[in-house]
Every structure is written in structure tokens, then in C-alpha cells.
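Here are my notes on the model you asked about. Have a look at it first, then read on.

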Amino acid sequence: MHRDASIWRHPFAQGFPREVYLSGAAINSLMSPINRPDLDEYFMEIAGVVAKRSTCLRNQVGALFVKNKRLLTTGYNGAPANLSHCDEAGCAREGVASGTRHELCRAVHAEQNAIIQAAMHGVSIEGATLYCTHQPCILCAKMMINARISRVVYSQRYPDDTALRFLAQAGIVVTRLIEKDLVKC
């Protein structure tokens, strides 16, 4: 038998133990194709699931750091640990335009929480890729520049072009995956 061949028994060959040798390519042609997401789509879908833990009333954001195809840390936006969530305390940014007056928000950003988790658990994110449901703000961009991440992948735009300029100046590759490009499995 050839190294790359497998045994296939015909399902109707009752009484006749007939063996047919098929190559791996022939077996694959008999199988239906799998709609498999690429790695960017895969990790962005995970970021979407992480965002479901968010306690923010305005935007549910999920973020994760990945290096060498391994998920390192996750984070979602919400109030600091052991403080009341926004659904209980109310949104301090009510009526404030998105992308402005970050200091009013009681929530920690998803990217910041993912960075904090890395620091708390001694995980280096240097050279990692950030996957985030939303484009990072300028504050998060500056943190990622100093953490020496190599790439940012996001889906939803955020009204803060300064963050994109800073990331570009720092040599961080930025990719936007539009939702219609994401594979729905």
C-alpha cells in the first residue's frame, strides 16, 4: 500500500471483503468541503464571544491577545473589579459623544483589561496580535505601543483617527475585518 493511501471498503460489498486503495486526494474529493475560518476570522469570532461579558451600556467590546496562534489573554469593557456595573450605577457618559471624554467613563476598556490580565499572570504580550471587536482608542493605542505588540485586528470603527495614526507611526500593522468578511459557521 502507498504511504499516502488509505483503505476504503465499499459499503455494499457484503460478503466480499474487497479493499480499494485511494489516495488522500481521492478521499478528500469524496468529502464535502468544510467552511473553515482563517485565523483572523477565528480569533475575531472569539473576541465577539468575549464581548458578551461586557457590562457597558453603550458598547460591548471584547479583546484578546494572540501570539504564535495561541490565545494569551482576554478582556472586555466594564467597571473595575468589585465596583458597581454601569447597569446599576448608570452611565456617566450619557449624552457625551463617542470617542471623547474618556475620563468620565467608569469602565475599563477591553484592551486595557486584556493587558492587565497579562501583567497579573506574568504573560508577555510583546510581539502579539490584538484582536478586538472595536478599533482601539488613543489611550489603548499608547498602551499597546509601549507593550510592543506587533499587530491590531479590529472590526467596528471608532471615531478616533489619532489612535490609528499613532499605531502606524509605531510600525504596528492594523487590519480591519468588516463583519461581512467574517465567516458565519
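The points below go from the ground rules to a helix, the cores, a strand and a loop.

1. Ground rules first: this is a predicted model, where local features need pLDDT of at least 70, side-chain atom pairs count only at pLDDT 80 or more, and totals for chains, interfaces and linings use all residues. Residues are numbered from 1 along each chain as its sequence is written, and side-chain values use heavy atoms, with hydrogens and water left out. Helices (H or I, at least four residues) and strands (E, at least two) are DSSP runs, numbered from the N terminus.

2. Which residues of helix α5 are buried? In α5 (residues 138-146) they are I138, C140, A141 and M144, buried being under 20% relative accessible area with a 1.4 Å probe, protein chains only (exposed is over 50%, partly exposed in between). They sit on the same side of α5 because they cover an arc of only 160° around the axis, taken from the directions from the helix axis to the C-beta atoms. An α-helix has 3.6 residues a turn, so residues three or four places apart point the same way. The buried residues of α5 pack against β3 (62-67), α4, β5 (129-134), β6 (151-156) and α6 (161-169). After α5 comes R148, with a positive phi near 60°.

3. Now the cores. A nonpolar core is a set of buried Ala, Val, Leu, Ile, Met, Phe, Trp, Tyr and Cys residues joined through side-chain atoms within 4.5 Å. The largest has 23 residues, and F65, I125, L130, M144, I149 and V152 touch the most other members. At least two residues of this core come from each of β3, α4, β5, α5, β6 and α6. Apart from it there is another core of nine residues, including A47, V50, V66 and Y131.

4. V153 stands opposite T175 in β7.

5. Last, S98 lies in the loop between α3 (86-89) and α4 (110-120). Its relative accessibility is 33%, so S98 counts as partly exposed. S98 and P159 are 61 residues apart in sequence, yet their C-alpha atoms are 6.9 Å apart.

Methods: Contact = heavy atoms within 4.5 Å. Pairing = 2+ DSSP bridges.
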